[in-house]
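User: Hello! I am new to protein structures and would like to learn how to read one. Could you take me through it step by step?

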Amino acid sequence: MPTPLRVQLNEEEDEALQQLSLSDGPAPIVKQRALALRLNAEGWNVPAIAQHLHLHEQTVCQVAISRSHTKSASTNAGDDESCHITSD
């Protein structure tokens, strides 16, 4: 089983994503992705995030995996082919 992927945000990142998700400027998908990252960092799992945001689970996985490639030092990267974001 792949290692679960857990997004970890520092205070600055969390604040920036919160502002982005609440701002009127960005496209709705950008706001949803910012919120998905924040929810995962708070312990939400993929099915819960997908249901809450009305997204497909794979979309939620891709958001987190994409971030893990850019912030690999602060995430616990899993297998790209089967995303498992958990609340463990």
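## Reading the chain step by step

Analyst: Gladly! Buried residues make up 34% of the 88 residues in this chain. Please keep in mind that the model is predicted.

User: What secondary structure does the chain have?

Analyst: The chain comes to four helices and zero strands. Read from the N terminus on, the elements run α-α-α-α.

User: How should I read the confidence, and where is it lowest and highest among the elements?

Analyst: pLDDT is the predictor's confidence in each residue, from 0 to 100. The chain averages 77, and 70% of the residues score at least 70. Confidence is lowest in α4, with a mean of 77, and highest in α1, at 94. Over residues 72-82, pLDDT stays under 50, so please read that stretch with care.

User: Let us look at one helix. How many residues does α2 have, and how far does it reach?

Analyst: Helix α2 covers residues 28-41, which is 14 residues, and reaches 20 Å from its first C-alpha to its last. That is close to the 20 Å expected at 1.5 Å a residue. Just after α2, Gly 43 takes a positive phi of about 110°.

User: What does the side chain of Arg 38 make a polar contact with?

Analyst: Arg 38, found in helix α2, is counted as buried because its relative accessible area is 12%, and buried means under 20%. Its side chain makes a polar contact with the side chain of Asp 14, at 2.7 Å. Leaving aside residues up to four places away in sequence, Arg 38 touches Leu 9, Asp 14, Leu 17 and Gln 18.

User: And Arg 6: is it buried or exposed?

Analyst: Arg 6 lies in the segment before α1 and is buried, with a relative accessible area of 15%. The side chain of Arg 6 reaches the backbone oxygen of Asn 40 at 2.9 Å. Asn 40 is one of the buried residues of α2.

User: Which residues form the largest nonpolar core?

Analyst: In soluble globular proteins, nonpolar side chains tend to be buried together. Here the largest nonpolar core has nine residues: Ala 36, Leu 39, Val 46, Ile 49, Ala 50, Leu 53, Leu 55, Val 60 and Cys 61. Helices α2, α3 and α4 each supply at least two residues of this core, and α3 gives the most, with four. A second, separate core has seven residues, including Val 7, Leu 9, Leu 17 and Ala 34.

Key. Residues numbered from 1 in each chain as written. Predicted model: local features only at pLDDT ≥ 70, side-chain atom pairs only at ≥ 80, totals over all residues. Heavy atoms only, no water. Expected span 1.5 Å × (residues − 1). Buried < 20%, exposed > 50% of the residue type's maximum accessible area, 1.4 Å probe, protein only. Polar contact = N/O pair within 3.5 Å; in protein donor to acceptor, adjacent residues only side chain to side chain. Core = buried A, V, L, I, M, F, W, Y, C linked by side-chain atoms within 4.5 Å. Contact = heavy atoms within 4.5 Å.
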